[in-house]
Amino acid sequence: MVKGFKRAALALTAASVLALSACGGAGSSGSPGAEGSATGEAGGGTLEVFSWWTSGSEAAALKVLEDAFTTASPGVTFKNAAVSGGGGSNARTVLSTRLQGGNPPDSWQLHPDQDLFAVVEDGSAADITDLYQANGWEAKLPDTVKNMLQKDGKYYAVPVNAHRANVLWTNPDALKKAGVSLSETTSISDFVAALPKIKAAGVTPVCLGAKDPFAPAQLLEVIIMANVGADGYNQLVTGKLPFDDPKVRTAVEQFKTVLENVNNDSAVLTWDQAALNTANGKCATNLMGDWAFGELNHKGKKDGTDFSHVTFPGTSEIFDFVGDAFVIPAENAPNAAAEKVWLTQLLDPKVQSEFNLKKGSAPVIKDASLDGYPDYQKKAAEAFQTKTIVSSLAHAQSAPAEFATTYSDAVTSFLGSKNVDAFLKTMTEAQKNQLG
Amino acid sequence: MSATPPAPPGDNLKAAPTPAIESRARPRFRGAALFMAPSLILTFVFVYGFIAFSGWISVSNWKRPTRQDLTLRHPFGATYLEMFQEERWQASMRNIIVFTVLFLILAVFTGLVLAVLVHRVTVAKGLFRSVFLLPYALSFIVTGVAFRWIFNPNSGINKWLVDIFGIENPPQWSTSTTIALPIYQPSGEGFLKVELGIPVALLPIVIAAAWQLSGFAMAMYLAGLAGIPEEELEAASMDGAGEFKQLRHIMLPQLWPVTVTCLILLLHTALKIFDLVVAMAGSGPGFVTDVPGIYVYDMMGKAGRYDKGTAAALVLLFTACLVIVPYLTRIYRKERGH
């Protein structure tokens with residue numbers, strides 16, 4: 001009788017616990033969806049925009065988009081859900097958790113090309129071909145870029161800017177002191193040969209902000225580009241050209257030499273600190289995308305006096321494209337009507353003009369006005385329309401996320417071991433296993 | 001013990017752990033099972049059930065976050081093999097073992113020293129106890145940021161070393177890629193791709209972690225010291241034993257159970273370390289400060305390789321179990337009276 005009571009009690013408890021947890025589960029699944037707008041009209045609710053634009057010039061540029069949206073849609077509150085962490089690595093993690101949980105933001109930032117294709121394949125991004133047709137955007141964008149925004153003839157993302165990743169920011173005084181001059185026609189081997197000269201003059205030749213893993217990864221990809229050209233680079237990131245090709249090997253050896261001439265606190269500096277150090281005279285050169293231009297201007301540095309720029313030696317005909325684009329969710333969209341208004345505003349010529357001025361990038365559409373743009377940006381916009389555009393690997397654009405992470409990890413390993421053979425071996429294997 | 005009928009399984013769980021005394025008749029509270037059941041069920045589902053699910057994912061084909069593919073990957077365990085051949089994972093394992101050993105030694109030793117000193121102090125004992133225990137209340141991120149500033153190679157403690165002590169080449173702390181006391185150099189062809197030794201870059205992190213947790217060790221030792229009868233120490237000093245001899249022959253042997261408990265409790269903190277390393281140095285150049293916690297985070301978030309992430313987490317669990325399970329088994333056996 002005692003045993004019977006015990007068994008019954010156990011069964012009763014188990015049943016009640018399970019019943020309670022089932023009730024709790026049903027109740028909580030409703031709440032994430034309610035976070036966004038409950039009204040179906042564009043005249044109410046919130047628009048949550050997810051990005052990694054948190055540093056000075058980036059935040060100012062995002063504000064331009066926010067103001068444009070709130071003017072177009074006065075009843076909707078703009079919610080800035082930016083997550084900091086250089087190059088977006090923290091933001092990506094948060095975003096993938098939210099997408100997994102069926103709780104997407106209204107719109108999120110990503111890079112076109114493979115970064116976009118990943119969310120398209122998973123069905124997270126909505127088809128917006130109708131928006132493209134309604135606004136006639138196809139005619140305004142360069143062909144290479146259009147290919148990075150569509151899959152199977154359907155468009156999924158709206159681009160907002162074009163950054164150039166192969167720009168070498170220089171300190172004119174430091175270079176003059178070392179007696180070195182860099183121009184658009186300098187070759188990569190001349191540049192590498194000039195580094196010891198700069199060191200001998202008492203200045204750190206290259207500033208690198210290696211705390212952000214994308215910085216050394218980007219430096220290496222640009223050196224590789226200088227050695228194999230745009231075609232060779234495109235073949236490399238699709239697996240058609242193996243990493244242990246002699247030209248790529250030369251590039252990695254040159255990267256090793258550059259690393260010997262880099263600031264000794266690179267492991268604790270972020271990309272913007274390294275750029276600022278160059279403008280302050282602590283080193284002579286710094287390879288960074290032209291988002292550094294926006295950042296330096298924001299910090300009050302003057303182009304021509306505090307810093308100067310040249311296309312990275314050997315890559316003057318190449319535009320290493322790093323772009324940002326916005327997508328809207330295909331399912332569980334919190335505020336679908338406001339999202340369409342948001343996307344439409346992004347390619348308005350006036351908004352494009354103002355946004356890119358603050359961001360330091362080039363507008364993606366031809367008819368955005370360049371009035372009031374600094375010289376560098378005018379040149380960059382022209383280069384975007386005329387030079388060969390390639391997609392960056394360091395920013396997970398030209399290859400899927402796993403390959404890009406393998407590349408980034410291999411570069412981090414290389415920073416420690418400086419073992420060229422090991423790096424090439426890892427990358428060739430990764431090409432075989434992860435690409436094509 | 002032999003006269004009573006064998007106790008039903010439930011009774012062993014509800015009995016409070018008694019020291020190794022012969023167990024007397026324990027109160028048999030029949031309703032105890034009712035009280036235990038909710039906890040047990042929740043633990044079973046949310047801990048063991050989820051561990052089993054993670055184990056399944058680690059041998060499956062789930063390689064992209066939003067494309068769940070739970071079919072078995074062939075050959076079985078290929079993900080584990082792939083992971084152990086990676087330079088980054090080998091570096092992570094080396095780092096976590098080195099970090100755990102150094103951290104445990106430093107934290108427990110510092111805790112013991114502090115406890116012995118505070119135990120003897122006559123003035124403001126409570127104040128000293130609180131001050132040494134205070135770091136335990138901080139979050140690892142706060143400690144990490146503060147110590148990152150301290151160990152910045154261009155400012156912080158190095159400026160002090162250069163300006164005041166005139167040391168020419170101060171240590172590079174967490175930016176250094178040197179491996180001290182290397183016992184193995186990778187040949188480039190073999191299975192092991194990393195140098196085995198003590199990464200110098202881990203030392204600042206060990207110091208920061210020990211600073212935060214030695215207060216905890218001190219608190220445990222103070223409790224242990226309070227349990228040592230004063231008469232034994234007085235008898236020893238009357239026999240002519242000095243402070244050190246007393247410490248070595250009377251206090252330390254009696255503090256052994258406390259030491260073991262402390263080591264076990266700090267072990268799981270050391271193995272799971274994540275936020276402190278991220279705040280201080282990240283993965284470091286050449287992965288000299290990478291730890292499995294960061295590896296799992298990167299695999300799950302950045303690379304989206306759910307199978308590798310769960311495999312790494314399970315290896316970490318296994319490593320922790322290697323130490324904790326024998327300890328728990330020994331305790332359990334002792335309580336049942338062998």
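Predicted model: local features only at pLDDT ≥ 70, side-chain atom pairs only at ≥ 80, totals over all residues.
**Entry 1, chain A overall.** I started with the secondary structure of chain A, which comes to 17 helices and 12 strands. I then looked up burial and found that 51% of the 436 residues in chain A are buried. For contacts in chain A with a separation of 6 or more, I noted that 79% are between residues 24 or more positions apart.

**Entry 2, domains of chain A.** The domain assignment of chain A gives domain 1 as 46–162 + 322–386 and domain 2 as 167–314 + 400–434. I looked up the distance between the centres of these two domains, taken over C-alpha atoms, and it is 27 Å. Across the boundary, 17 residues of domain 1 of chain A are in contact with 17 residues of domain 2 of chain A. On the domain 1 side, the helices α2 (56–72), α4 (114–121), α14 (349–359) and α15 (375–386) of chain A each supply at least two of the touching residues. I sorted that side of domain 1 by class and got six nonpolar, eight polar and three charged residues.

Which residues touch the most other members of the largest nonpolar core? I found V327(A), I205(B) and A312(B), in a core of 191 residues. Domain 1 and domain 2 of chain A both give residues to this core, so I recorded the core as lying between them. I followed up V327(A) and listed what it touches, leaving out residues up to four places away in sequence: S107(A), W108(A), L110(A), L116(A), V119(A), A125(A), Y156(A) and A157(A).

I counted 31 residues of chain B in contact with 32 residues of chain A. The elements giving two or more residues to the chain B side are α2 (32–58), α4 (87–120) and α12 (292–302) of chain B. The largest share of that side, five residues, comes from α2(B). By class, the chain B side has 11 nonpolar, 13 polar and seven charged residues.

Is F50(B) buried or exposed? I found 10 other C-beta atoms within 10 Å, so F50(B) is exposed. I also took the C-alpha to C-alpha distance from F50(B) to Q90(B): they are 26 Å apart in space and 40 residues apart in sequence.

I noted a cis peptide bond joining H74(B) and P75(B), with omega about -5 degrees. P75(B) is in the loop between α2 and α3 (78–84) of chain B.

N332(A) is not a glycine, yet its phi is positive, about 55 degrees. I placed N332(A) in the loop between β11 (318–327) and α13 (336–346) of chain A. It has 15 C-beta neighbours inside 10 Å, so N332(A) counts as partly exposed.

A124(B), also a residue other than glycine, has a positive phi near 55 degrees. Its place is the loop between α4 and α5 (125–133) of chain B. With 11 C-beta neighbours inside 10 Å, I recorded A124(B) as exposed.

How values were computed
Residues numbered from 1 in each chain as written. Chains lettered and ligands numbered in written order. Core = buried A, V, L, I, M, F, W, Y, C linked by C-beta atoms within 7 Å. Buried ≥ 20, exposed ≤ 12 C-beta atoms within 10 Å, placed from the backbone. Domains from an automatic or database assignment. Contact = placed C-beta atoms within 7 Å. Helix = DSSP H or I, 4+ residues; strand = E, 2+ residues; numbered from the N terminus. Nonpolar A, V, L, I, M, F, W, Y, C, P; charged D, E, K, R; others polar.
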